[in-house]
Amino acid sequence: MIKVDLSGAAPFWGGEGPDYGAAAAAHRTLSEGSGAGSDFTGWLTLPRRMKDGELPRVLETARRIRESGEALVVVGIGGSYLGARAAYELLGRQKDGVELIFAGNGLSADYLNAMIERLGERDFCVNVISKSGTTLEPALGFRVFRSLLEKKYGPEEADRRIFATTDRARGALKSSAGIHGWPTFVVPDDVGGRYSVLSAVGLLPMAAAGLDVEAVIESAIAAFAALDRRDESNPCWQYAAARQRLFRLGKKIEILACYEPSFRMMAEWWKQLYGESEGKNGLGLFPASVEYNADLHSMGQYVQDGPRHLIETVLRFKNPRRGYAVPSFADDSDGLNYVAGHDFNEIAAIAAEAVKDAHVAGGVPNIGIEVERCDERGFAGMVCFFELACALSGYMQGVNPFDQPGVEAYKKNMFRMLGDWK
Ligand code: PA5
């Protein structure tokens, strides 16, 4: 279970603490489906629906992918990509799993070439993921890897190596899949891209990489049930209400910090979730991320001494996966024998405490998030916690947390300009 610690934020509340009444109202609005964007709240029941629906086919397809080669090229962008990559980087490729190669998340030819080189001569499959089926970046990335499949295997075998995750009925990708007979998985109508990681969007690549997606789904079902409780002990209420209180106190930027380098893409997933959900109508904390301890030696200066518009949310795993004891030397020439025999995890915990004290003293409110362990269960717990807290926080802020009208602006310009080539 996830725990939220607001002891480092409380000194900044002034007379008024987090508004749990508003959190309760937001939770009611969400569960009654009476708020803006209520057509897109299907992520709340997604784990249960996956278990009763596509999950067996996801597992079977992942097995086929593992038997067909050593790599899966995962083509997608934004919500159709970040969740799977976050899980893969956090938990790692497991025994018998294929390597995941991510493509279609930009237009860099240099990156594209690097991914083709990484793939090398290995046998591979492609999972193309796009809810709309019309997003330019993955559509072009898919063209490249589909053409490589056809060159390597011929058109018929290429078609057997392509798996499409898209809308149930609409879009160019759905039509192409129908023409070529590619197996398809569904991004449900009532789930937006950034809330879709627990659908086939995230689960198929994760399962192909050997991750235990059944454990992910079981844990997510349990997590959403636990997070439905309607009182101040709900960690989603605590996180959402604290963020909103600090935003109203004039804070502008929330930095998500973690002491595990493997958390980097999880932070990217979190940034999309909060940035797209809350950054509208001139409102919203700007979600940023840092990787500690490394960034303590760069961004740490700004956090400690820069403008006081920051809040810092620090995520820690209670039970680290592995330990390592500091070695001892007879000569003690660096004078560090006093820490010899202690585990790096013990030292990291002290460093984190020291950082919290320093940053709070420097005027940066601190929100602590503790996750039991860094495994599939922990991953599922974090996804459910951050999704629910985001929806509540968005409603408390008075915006629709499920649309992203601002993302359309650049697309319109780009397609207009590209249209000149027709
Ligand atoms: O959250 C969102 O809706 C977006 O980030 C989309 O996931 C992203 O733009 C990709 O869209 P699509 O899956 O339609 O290709």
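Biologist: How much of the protein chain is made up of buried residues?
Modeller: A residue is called buried when its relative accessible area is under 20%, exposed when over 50%, and partly exposed in between (1.4 Å probe, protein chains only). In the protein chain, 51% of the 422 residues are buried. Keep in mind that this is a predicted model, where local features need pLDDT of at least 70 and side-chain atom pairs count only at pLDDT 80 or more, while totals for chains, interfaces and linings use all residues. Residues are numbered from 1 along each chain as its sequence is written, and side-chain values use heavy atoms, without hydrogens and water.

Biologist: What radius of gyration does the protein chain have?
Modeller: The radius is taken over C-alpha atoms, and the globule rule is 2.2 Å times the number of residues to the power 0.38. For 422 residues, a compact globule would come out near 22 Å, and the protein chain has 23 Å, which agrees. The C-alpha trace spans about 65 × 65 × 45 Å along its principal axes.

Biologist: How many helices and strands are there?
Modeller: Both are DSSP runs numbered from the N terminus: helices are H or I with at least four residues, strands are E with at least two. The protein chain has 16 helices and ten strands.

Biologist: Which residues is Phe 385 in contact with, leaving aside its neighbours within four places in sequence?
Modeller: Contact means heavy atoms within 4.5 Å. Phe 385 sits in helix α15 (residues 376-397) and is buried, at 0% relative accessible area. Apart from those neighbours, its contacts include Ile 2, Val 4, Leu 227 and Tyr 239. Phe 385 and Phe 224 are 161 residues apart in sequence, yet their C-alpha atoms are 7.9 Å apart. Across the protein chain, residues 24 or more positions apart account for 80% of the contacts with a separation of 6 or more.

Biologist: How many aromatic pairs does a search of the whole structure find?
Modeller: A pair of aromatic rings is described by the distance of the centres and the angle of the planes. Rings of Phe, Tyr and Trp (its six-membered ring) pair if their centres lie within 6.5 Å; planes under 30 degrees apart are stacked, over 60 edge-to-face, and the rest tilted. The search finds 17 such pairs. One of them joins Phe 142 and Trp 182 edge-to-face, with 5.3 Å between centres and 90° between planes. Phe 142 belongs to helix α6 (residues 136-153) and Trp 182 to the loop between α8 (172-180) and β6 (184-186), so the pair ties together parts that are 40 residues apart in sequence. Both Phe 142 and Trp 182 are buried. Ring pairs also link Tyr 239, Trp 269, Trp 270, Tyr 274, Phe 385 and Phe 386 into a cluster.

Biologist: And the backbone: which two residues does a cis peptide bond join?
Modeller: Most residues other than glycine have a negative phi, and most peptide bonds are trans. Here, Tyr 292 and Asn 293 are joined by a cis bond, with omega about 5°. Asn 293 lies in the loop between β8 (286-291) and α13 (300-305).

Biologist: Where is Asn 281 found, and what is its phi?
Modeller: Asn 281 is in the loop between α12 (264-278) and β8, with a positive phi near 55°. At 63% relative accessibility, Asn 281 is exposed. Asp 332 has a positive phi too, about 45°, in the loop between β9 (310-319) and α14 (344-361). With a relative accessible area of 27%, Asp 332 is partly exposed.
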